[in-house]
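Please examine the sequence and the structure shown below. The paragraphs that follow lead through a few of its features in turn.

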Amino acid sequence: MATTSSDDSEPDIFDAFGLRDDDTSKDFDPFASDDFVPTPVPVPVPAPVAAAISANDSADSDPFSDPFNFDGAATAPRGFKKISLPPPAADTRPVSSGARARSAATKPKVGPVVDDFDIGPPSSGPFPSVQEQGATEGGRGGPAATGGSPNASFATSSPTAAAAAAAAAAKAALPPRLGIKFLMHEEVTSYASDGRSRANDGMDSCDVNIEGKVSAFVQSSDATRNVPFQLVLRDSSSSSSSSAQISINKAFVDDTYKVSIPKTSIGNVPIASYTCTANVQNMPVLVQSKISVKQKSSVHVDIQVRSNLNNTGDLADFTIAVPIPSVIDGKSIMVTKGEGAYDELKRVVKWKRATLPRGESFLVGFEAQTVRNSPTSSVQSSKLPILLRCRSVEDKISTMEVDATAVVGHPAAVHTARSTSFRLLHRVTT
């Protein structure tokens, strides 16, 4: 049987590629090609750069001989040389007239800063001056066409200046505002009989004497002066029993009741006073008393104080004093109602109270013994006066009224307010 060599039965890969084991090439690269030969691509160097490099190479063939000696400045690292390049050549490409015009139009213009109101001679810059605008707008009625001043035309055309001028004119046309606050204070003394009070169905009818003062606090919108005003002071009562006498402060008020208060006078300025007498029924406070005798020698005194429901505000600072007649033994007096005390030296029983709300009342009282051998009838027949003092900061007792109006020839928007107060000394005889 003939045998076949393994080399004949199997394809030889070295034969397929034209190589054998005895090939001297030991580094086999199946992807290498004998046809591929890399070709260097030359990089063009501009002539000025090449000339500069050539000049530096000829001047210094050894770049490492003195690496820090570059024109006396040690700025280049070791192994590098300073290369001086010539300035770039001017662009000589042709430019069309349209491109040149667009470039000139878009190029920013730098010029001196001119204030809006600093109008100089006509300028030759890109922006026309006010005179040039006026000459251009001659057909539209500009300042140059009308012959007016360019500065005047510019100032009057400003909306801010026109609005300010209109506001100033409107403010000057309005009359000044004048605010007046009147203060009326009355010192009142009154007398009433307890029997007459009961005869008038509990209404305390009494005779009063009033001394009043009127002050004014003035505020004016005019910063230079206070506008004068006309004072109106009168008695609004139609009763024939009421009579009032008015006096004016001639330092501020003339005979026609025109009041002139200077700016230097600050605060409440007294301008007038009045006195009046009248018979008043609805007093701000009602005082009633009751005296009772027990066991022929013991005396009880009760006093009721009531605030009128028609009052505007509350009453305050009450003081009630009762003088003790000689038929009562002062050493036997004992206060039974209210916060009071007996003054033995003055022989007076006195109470104090801070406030009394409108429409409310309170009681005070004491008890005592009569002097030995004095009949109790003498106590009832003797007069027992009651003195009361109080004040109010929201009411008055008289019927006087005060007001103010504008004076002819001095227009003003007058606004008034009023504050009233009184201090009352009231006496009741039981």
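In this predicted model, His300 stands opposite Glu367, a residue of strand 13. The two strands concerned are strand 8, residues 298–307, and strand 13, residues 361–370; they run antiparallel and are joined by nine bridges. In general, strands of a sheet pair through backbone hydrogen bonds, in either a parallel or an antiparallel manner.

How many aromatic pairs does a search of the whole structure find? The search finds three. One of them is formed by Phe182 and Phe229, whose ring centres are 6.3 Å apart; because their planes stand at 75°, and an angle over 60 degrees counts as edge-to-face, the pair is edge-to-face. Phe182 lies in strand 1 (residues 177–193) and Phe229 in strand 3 (residues 229–235), so the pair ties together parts that are 47 residues apart in sequence. Phe182 counts as buried because its relative accessibility is 0%, and Phe229 likewise counts as buried, at 1% relative accessibility.

Another pair consists of Trp351 and Phe366. Their ring centres are 6.3 Å apart and their planes are at 35°, so this pair is tilted. Trp351 is in strand 12 (residues 348–356) and Phe366 is in strand 13; the pair links distant parts of the chain, 15 residues apart. Both Trp351 and Phe366 are buried.

The nonpolar interior remains to be described. In soluble globular proteins, nonpolar side chains tend to be buried together. Here the largest nonpolar core has 61 residues, and those with the most contacts inside it include Phe182 and Phe229, together with Val214, Ile261, Ile271, Val305 and Phe318. Strand 6 (residues 269–280) gives the most to this core, contributing seven residues.

Which residues does Ile271 touch, not counting residues up to four places away in sequence? Among them are Phe182, Val214 and Ile261, which are themselves listed with Ile271 among the residues having the most contacts inside the core. Ile271 also touches Ser215, Ala216, Leu231, Ile248, Asn249, Val253 and Val259.

Technical notes
Residues numbered from 1 in each chain as written. Predicted model: local features only at pLDDT ≥ 70, side-chain atom pairs only at ≥ 80, totals over all residues. Heavy atoms only, no water. Pairing = 2+ DSSP bridges. Helix = DSSP H or I, 4+ residues; strand = E, 2+ residues; numbered from the N terminus. Phe/Tyr/Trp six-rings, centres within 6.5 Å; stacked < 30°, edge-to-face > 60°. Buried < 20%, exposed > 50% of the residue type's maximum accessible area, 1.4 Å probe, protein only. Core = buried A, V, L, I, M, F, W, Y, C linked by side-chain atoms within 4.5 Å. Contact = heavy atoms within 4.5 Å.
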